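Good morning, colleagues. Please turn to the structure on the screen while I go through its aromatic contacts and its sheet.

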Amino acid sequence: MFNLKKLKGLYQKNENLIEYMRTQSGDKENTTEQIMISYDFQAGTYTNEYYRNPEPRLQRAAVFAEIIKEKNLSGRLMEAGVGEASLLVPLLNMLNAEERKFESVYGFDISWSRIKAARKFASDQNQSQIQFFTGDLLNIPICDDSFDVVCTCHAIEPNGGKEKEILQELYRVCRRYLLLMEPCYEFASERARVRMKKHGYVTKLYQSAVELGYNIEEYGLKVSGPDDINPSGLMIIRKGSSAVNEEKRKSPFMCPISKRRMEEYGNAGGGASFTAPKVCWPIL
């Protein structure tokens, strides 16, 4: 258990909390707990940065919007590791401007504090239809093949060493396309590669996708160059089109413990609540 008062002091000094906690615990890889704590401290900073300088996030959103347009993607959309929705909300604004709408949109993050910030940001931007929930990339509480499109934007980033497990989870819940904008190790400069390894970032995302036998339609740098300190690569994976499961269309949620599909049963804390045998939690 980490001393949160100590971590707050380090955060205020702009220290890298994940690196500090990993060093203190002796872990070789960043853990889910360390990532969650670090993101909880950061909650609110991404939307503040968006209002101060929206261009970087608008550029990334435009990349996703163009892919969705080119491939004529529709149905259900989910951003995994949505953070404060500083990419998802601009993306929906762009799609709405072109009258290209998904029937439903979801986003989840490991940090409840970031989800709270995301919910406010979405409301302020007139995108209150997004359904936000908390979840772990390594154990997503969603049924198989539930979303036509699943995207990420530097969400897999701090999970170096867990690339294959996370890819398998994202692929499991996806029905048609995975759109992954993540650190691009293969095209990065030596300086950027050293930094990725130091911070425990993913370095084998493309290699893992190849080893898993996924159909990679595109992979390369998109909104940054190789000399950038944290270059963004885009990987497009096509899964194919499985039959639409109408039950999952009603509720895609699955208990991560019992692996049973969850049913909506009422209201709790201002949001929908879902239940499965011996397990339930609110969806914000």
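In this predicted model, ring pairs join Tyr106, Phe108, Phe133, Phe147 and Phe253 into one cluster. The aromatic pairs number eleven by the rule applied here. In one of them, Tyr106 and Phe147 have ring centres 5.1 Å apart and planes at 75°; with planes over 60 degrees apart counting as edge-to-face, that pair is therefore edge-to-face. Since Tyr106 belongs to strand β2 and Phe147 to strand β4, the contact ties together parts 41 residues apart in sequence. Tyr106 has 3% relative accessibility and counts as buried; Phe147, at 0%, is buried as well.

How are the rings of Tyr171 and Tyr214 arranged? Their centres lie 3.9 Å apart and their planes are at 5°, so this pair is stacked. Tyr171 sits in helix α8, Tyr214 in the loop between α10 and β6, and 43 residues separate them. Tyr214 is buried, with a relative accessible area of 13%. Over the face of Tyr171 lies Lys239, at 4.9 Å from the ring centre. Elsewhere, Arg114 lies over the face of Tyr39, at 4.1 Å from the ring centre.

I turn now to the sheet. Seven strands form an open sheet with mixed pairing, in the order β3-β2-β1-β4-β5-β7-β6. The edge strands β3 and β6 each have a single partner, so one side of each lacks a neighbour in the sheet. On average, neighbouring strands are turned by 15° against each other, direction ignored. Within this sheet, β4 and β5 pair in the parallel sense over six bridges, and Val150 has Leu178 in β5 as its bridge partner. Helix α6 packs on the sheet, touching β1 and β2, and its direction makes about 155° with that of β1.

Technical notes. Residues numbered from 1 in each chain as written. Predicted model: local features only at pLDDT ≥ 70, side-chain atom pairs only at ≥ 80, totals over all residues. Heavy atoms only, no water. Pairing = 2+ DSSP bridges. Helix = DSSP H or I, 4+ residues; strand = E, 2+ residues; numbered from the N terminus. Axes fitted to C-alpha atoms, helices over the stretch in contact; angles between N-to-C directions. Contact = heavy atoms within 4.5 Å. Phe/Tyr/Trp six-rings, centres within 6.5 Å; stacked < 30°, edge-to-face > 60°. Buried < 20%, exposed > 50% of the residue type's maximum accessible area, 1.4 Å probe, protein only. Lys NZ or Arg CZ within 6 Å of the ring centre and 35° of its normal.
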